[in-house]
Amino acid sequence: LSALLDKRESKPDELAGTPADCPAATQAQVIDSIDSLPLRAGESILRQLERLLLSHAEQPFSLDPDTRACIGVSEELIAAVQQDEMFSSGVRQLVSRLQVPFIKETISDPTLLEDADHPGRRFLQAVEGLAPYCSSQPRAGAGMRNFAQDLEQLANSIEGGTLTSIGQVTRQIETLQDRQKAQFERNRKLAIDSCTRNEKLRQAHQLVKTSLFELLAGTSISVTLDRLFHYGWVNLLIHTAILHQQDSAQWKTYLRVVEILLKLFQADRVFKTLSERKAGDLLKVIRKGFGDYPVHPDGTRQYILELRHALTEGGEKARRLIEDRVQVDEAYLKRLFVGQLRVDAATPPSPRPGQAWLDLVAQLALDEWLIERQAGGQMRLVNLAWKNPRSDHYLLVDGSGIKLLEVDVHQLAHLFESNTYSRLENQGPVSYTHLTLPTTKALCRSRWSAYH
């Protein structure tokens, strides 16, 4: 509104050579003249229109200040979209083809910036709504390629005259936006579900690693316990922690098996046999555990049979199990998890960024759109789709909802520190439908651009 008022009040200079007594063209004459313009690239429609009106042989006409302001503001608004790197080339081309219909709509109803229901304003809002879901990147997925094809088909419909009004085009754009948003939400949900599973796996992985380290670090263990681990007991502990949590009776029972075998087969200890009942209770738990997570069924059956003999009969079998030992150190514990349930490989810890950047990341809200700047000046919007309960792990998706980046809090803070990422709110509240036009046309941008 302020842009329109500024242009009205400043009464910009008319085209040189306009007679002082030249009458103003009527609205119908202006629209008819726009339809007959042989548009030239690189020159504003306003100047071309003024020359055409002055060239009428019988009676030259001029434009009244309000009409000139409407046309000028309309051209600058369209130029803002055309210059915005956040939009794909398909969106910018579509808007370019609608420049003349947009100007005609604004001339017919000059309340573009005052009336929220103005057809031109609804069009701008619809176009603005496409920004998160369209990509300016050259490598786009199938969803983006289909979206680009839909835009091209829409542009061809305008070119061919099938769609003639801004209102018709706006409805088509809104339909496209709804479809892209639905696809985005579907893909994002898949990415979030994957991250949620990975987070549970990470937590369970760390829990088992910590628990075993506390029990075993710096000790030596019997080959009986070593075989238990390699037959899948580590995986079983992780699996149980995911399904039942660490406070569950099942998790505690399976971890208790490790404690019991560690104690029974201690080094330099006289082995005492177990009663059939006690041995049966222990072996029942082990058999159930291997049944819950069957990795080596043949090996585990033989293992349980040998363990039963050692527990109930003692003798030479038990003595060998005590004497044959494995030293537990950090390298051994790491080997236990190689080839087990795998967690997505984490990037090595990065140096701690400045506290201000960590504070900024802490303020990020779920579903917040961020600006990503890439080499060559390209930009796009990315979505903060998920963060774990501790807010130290983050998932970012692109405009299709496809996983783009999974990082820890330090890595994300470094991306902000390097200006690779920035928040939309830091760009100011300027949008195409609430635009105060700058004096330098080249700097006219949307709220999503770095140089709004």
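Asp 226 is found in helix H10 of a predicted model. Asp 226 is buried, at 15% relative accessible area; buried means under 20%, exposed over 50%, and partly exposed in between, with a 1.4 Å probe and protein chains only. Helices (H or I, at least four residues) and strands (E, at least two) are DSSP runs, numbered from the N terminus. Residues are numbered from 1 along each chain as its sequence is written. In this predicted model, local features need pLDDT of at least 70, side-chain atom pairs count only at pLDDT 80 or more, totals for chains, interfaces and linings use all residues, and side-chain values use heavy atoms, leaving out hydrogens and water.

**Asp 226 and its surroundings**

- Asp 226 touches Ile 221, Val 326 and Tyr 332, not counting residues up to four places away in sequence; contact means heavy atoms within 4.5 Å.
- Arg 325 is 99 residues from Asp 226 in sequence. Their C-alpha atoms are 8.5 Å apart in space.

**Helix H10 against helix H13**

- H10 spans residues 223-244 and H13 spans residues 297-313.
- Their axes come within 11 Å and cross at roughly 155°. Axes are lines fitted to C-alpha atoms, for helices over the stretch in contact, and angles run from 0 to 180 degrees between N-to-C directions.
- That angle makes H10 roughly antiparallel to H13. Angles under 35 degrees count as roughly parallel, over 145 as roughly antiparallel, 65 to 115 as roughly perpendicular and the rest as oblique.
- H10 passes H13 in a left-handed crossing. A crossing is left-handed if the near helix is turned anticlockwise from the far one by less than a right angle, and right-handed if clockwise.
- H10 contributes Thr 224, Arg 227, Leu 228 and Tyr 231 to the contact. From H13 come Gly 299, Thr 300, Tyr 303, Glu 306 and Leu 307.
- By class, the contact of H10 with H13 has four nonpolar, three polar and two charged residues. Ala, Val, Leu, Ile, Met, Phe, Trp, Tyr, Cys and Pro count as nonpolar, Asp, Glu, Lys and Arg as charged, and the others, Gly among them, as polar.

- H2 covers residues 27-35, and H6 covers residues 99-108. Their axes come within 10 Å and cross at roughly 175°.
- H2 and H6 are therefore roughly antiparallel to each other.
- On the H2 side the contact is made by Gln 27, Val 30, Ile 31, Ile 34 and Asp 35. On the H6 side it is made by Val 100, Ile 103, Lys 104, Ile 107 and Ser 108.
- The contact of H2 with H6 holds six nonpolar, two polar and two charged residues.
- H2 also packs with H3 (residues 45-54), at an angle of about 110° and with the axes 10 Å apart.
- H2 is thus roughly perpendicular to H3.
- Val 30, Ser 33 and Ile 34 in H2 meet Leu 49, Leu 52 and Leu 53 in H3.
- The contact of H2 with H3 has five nonpolar residues, one polar and no charged.
- Val 30 and Ile 34 of H2 take part in the contact with H6 and in the contact with H3.

**Partly exposed residues**

- Arg 256 lies in helix H11 (residues 249-264). Arg 256 is partly exposed, with a relative accessible area of 46%.
- Arg 256 and Val 285 are 29 residues apart along the chain. Their C-alpha atoms are separated by 9.9 Å.
- Asp 367 is in the loop between helix H16 (355-362) and strand S3 (369-373). Its phi is near 70°, a positive value in a residue other than glycine. Asp 367 is partly exposed, at 41% relative accessible area.
- Asn 419 is in the loop between helix H17 (409-417) and strand S7 (421-423). Phi of Asn 419 is near 65°, again a positive value in a residue other than glycine. Asn 419 counts as partly exposed, at 44% relative accessibility.

**Whole chain and confidence**

- The protein chain has 17 helices and seven strands.
- Of its 452 residues, 45% count as buried.
- Among contacts between residues at least 6 apart in sequence, 69% join residues at least 24 apart.
- The mean pLDDT of the chain is 81, and 84% of the residues reach 70 or more. pLDDT is the predictor's confidence in each residue, from 0 to 100.
- Over residues 1-5 the pLDDT is below 50. This stretch has 13 contacts in the model beyond near neighbours in sequence.
- Residues 434-452 also have pLDDT below 50, with 56 contacts beyond near neighbours in sequence.
- Where pLDDT is low, the predicted coordinates should not be read in detail.
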